[in-house]
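Here are my notes for anyone opening this one for the first time.

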Amino acid sequence: MLTIRMQRTGRKGLANFRVVVQDSRFSPSSGRVVAQLGHYNPHTKETVIDTEKATQYLANGAQPSPKVAKLLSDQKVKLPKWVAIP
């Protein structure tokens, strides 16, 4: 099953995150990524996500993590009914 999750990048104390589509059996740091949807910088609150790709993967059954679901809803992406927004 595919999940949409965040993959940590950046140096110690200055994290940045990639928003990636990945098989749920692998850890986020494994590097096995199906697609990269965008990035999130928690220090400046900058979020860049390809909403068309995200909508396509959600329609095909990819499950977003709770933090990614919140980021997608902030970007005005229509989430399926089964996705719980924290």
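1. Start at V19: its bridge partner in β3 is G38. That pair belongs to an antiparallel pairing of β2 with β3, which spans residues 35-41, and five bridges hold the count there. Keep in mind that this is a predicted model.

2. Now look at the other partner of β2. Strand β1 (residues 2-11) runs antiparallel to β2 (residues 14-23), with 10 bridges between them. Within this pairing, G10 sits opposite A15 of β2.

3. How many residues lie between β1 and β2 in their hairpin? There are two, and G13 in that turn has a positive phi of about 85°.

4. Stepping back, you'll find five strands and two helices in the protein. Read from the N terminus, the order is β-β-β-β-α-β-α.

5. On overall shape: a compact globule of 86 residues would have a radius of gyration near 12 Å, and the protein has 12 Å, so the two agree. Along the principal axes, the C-alpha atoms fill a box of roughly 35 × 25 × 20 Å.

6. Among contacts with a separation of 6 or more, 30% come from residues 24 or more positions apart.

7. Last, the surface and the charges. The accessible surface is about 5,500 Å², with 52% of it belonging to carbon and sulfur atoms. The protein carries 14 positive and 5 negative charges, and their mean positions lie 9 Å apart.

Conventions
Residues are numbered from 1 along each chain as its sequence is written. This is a predicted model: local features need pLDDT of at least 70, side-chain atom pairs count only at pLDDT 80 or more; totals for chains, interfaces and linings use all residues. Side-chain values use heavy atoms; hydrogens and water are left out. Two strands pair if DSSP finds at least two bridges between them. Helices (H or I, at least four residues) and strands (E, at least two) are DSSP runs, numbered from the N terminus. The radius of gyration is taken over C-alpha atoms; the globule rule is 2.2 Å times the number of residues to the power 0.38. Contact means heavy atoms within 4.5 Å. Accessible areas come from the Shrake-Rupley method with a 1.4 Å probe; for residues, only the protein chains shown count as cover. Lys and Arg count as positive and Asp and Glu as negative; His and the chain ends are not counted. The place of a charge is taken as NZ of Lys, CZ of Arg, CG of Asp or CD of Glu.
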